[in-house]
Amino acid sequence: KVDIFANLIERALLFAGIEVERKTIDPYCSFSIKESIKGIENPFFLLNCGTKFTAINLYRLSNGRNAYYYIPDGRIVDFNGRELLRVPENLVDVELHAQMYGFEIVEERLDYEKIIRRRELTQHIADTPLLASVLVRLFHKGFVEKLPFQKFVELARKHGIISYRRGKFFAIDKDYIGGKWLEEFMFLKLLDLNFSDVRIGVKVRWYGKDVINEIDVMATKKNRLHLFSCKTGKNTKEISKHLYKLEELTERMGGDFGKSYLVITENLFTPEPPKKHQFPNVPSVSYKENKKIWWKYYG
């Protein structure tokens, strides 16, 4: 029943350069548990995993010595609460975390120098709320006749984002204008906040499946995974559907302590929440109560 989880743990340990030997036990049989540790000199037991019956038996077999458990603040303690060691805060990076939950990074942005070079431009867009809706219009139309934001025009032309000809401003780097600037803003902000590992424009593939998901920004801090999805308005009709997918992906990839964030620009705020009649077929139960209904609702 737990073979899939054993495979994930083994794959992650091998990825980290740790040798692995697997033993299969009956988790509800004391004899099987006792036999499984024969020949292991001074075994060390981390009892967070497995059944309670297995944990109790291993604790008894070790007479309470070398039996520990991990708590989310990074400490490994014994059953009297004494700290054995503290896990380094940057032990698990984004790639290792993905490996632990059955995902493989197949692509990511590596143009960090470009991102840092145009930091001033990215920050200026973030500091100028009215610019977001103008950039959405520029993305869809390809050009605008007026851009009453002098500093933006200067910086954007300097970095090859827009050009000016025949009395119009044309989009050159449509990816950046269409929302990559917000992803870069989050990337830079997380670096400033001392996240231990930050990745941008990440594509992950599920092990054993031809399923690929794209994540705007991924980061780890204190060995926990954080996923960020950035929206500026070019696909506003997809936000509710996107939220559902983001929640599902975070649950699968982030584990019990993973967190997800939807980062949106001010132009996407509405003064009133959507009315129920706008979603006549929405399930009456919550997502956690019945995921299958929600999968069907979103097709």
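With which side chain does the side chain of E83 make a polar contact? The partner is the side chain of R86, at 3.5 Å; a polar contact is a pair of N or O atoms within 3.5 Å, where within protein one must be able to donate a hydrogen and the other to accept it, and residues adjacent in sequence count only if both atoms are side-chain atoms.

## Ground rules

This is a predicted model, in which local features need pLDDT of at least 70 and side-chain atom pairs count only at pLDDT 80 or more, while totals for chains, interfaces and linings use all residues. Residues are numbered from 1 along each chain as its sequence is written, and side-chain values use heavy atoms, with hydrogens and water left out.

## Around E83

E83 belongs to strand 4, residues 83-86. Strands here are DSSP runs of E with at least two residues, and helices are runs of H or I with at least four, numbered from the N terminus. With a relative accessible area of 42%, E83 is partly exposed; buried means under 20%, exposed over 50%, and partly exposed in between, using a 1.4 Å probe and protein chains only.

Leaving aside residues up to four places away in sequence, E83 touches R75, I76 and V77, a contact being heavy atoms within 4.5 Å. Y70 is 13 residues from E83 along the chain, and their C-alpha atoms are separated by 9.9 Å.

Five strands make up an open sheet with mixed pairing, in the order 5-9-10-11-12; two strands pair if DSSP finds at least two bridges between them. At the edges are strand 5 (103-107) and strand 12 (259-264), each of which pairs on one side only. On average, neighbouring strands are turned by 45° against each other, direction ignored.

Strand 11 (residues 224-231) runs parallel to strand 12, and six bridges join them. Here H226 stands opposite K259 of strand 12. Helix 9 (residues 174-192) lies across strands 9, 10, 11 and 12, running at about 120° to strand 9. Axes are lines fitted to C-alpha atoms, for helices over the stretch in contact, and angles run from 0 to 180 degrees between N-to-C directions.

## Salt bridges

The structure holds 18 salt bridges, each a side-chain nitrogen of Lys or Arg within 4 Å of a carboxyl oxygen of Asp or Glu. One of them pairs R205 with E104, the closest N and O atoms being 3.3 Å apart. R205 lies in strand 9 and E104 in strand 5, 101 residues apart. Another joins E107 and K203 at 3.8 Å, N to O. Because E107 sits in strand 5 and K203 in strand 9, this pair ties together parts that are 96 residues apart in sequence.

R118 and E184 also meet in a salt bridge, at 2.7 Å from N to O. R118 is in the loop between helix 5 (112-117) and helix 6 (119-127) and E184 is in helix 9, so the pair ties together parts 66 residues apart in sequence.

## Two asparagines with positive phi

Most residues other than glycine have a negative phi. N42 has a positive phi, near 50°, and is placed in the loop between helix 2 (30-36) and strand 1 (45-46). N223 also has a positive phi, of about 65°, in the loop between strand 10 and strand 11. N42 counts as exposed at 61% relative accessibility, whereas N223 counts as buried at 14%.
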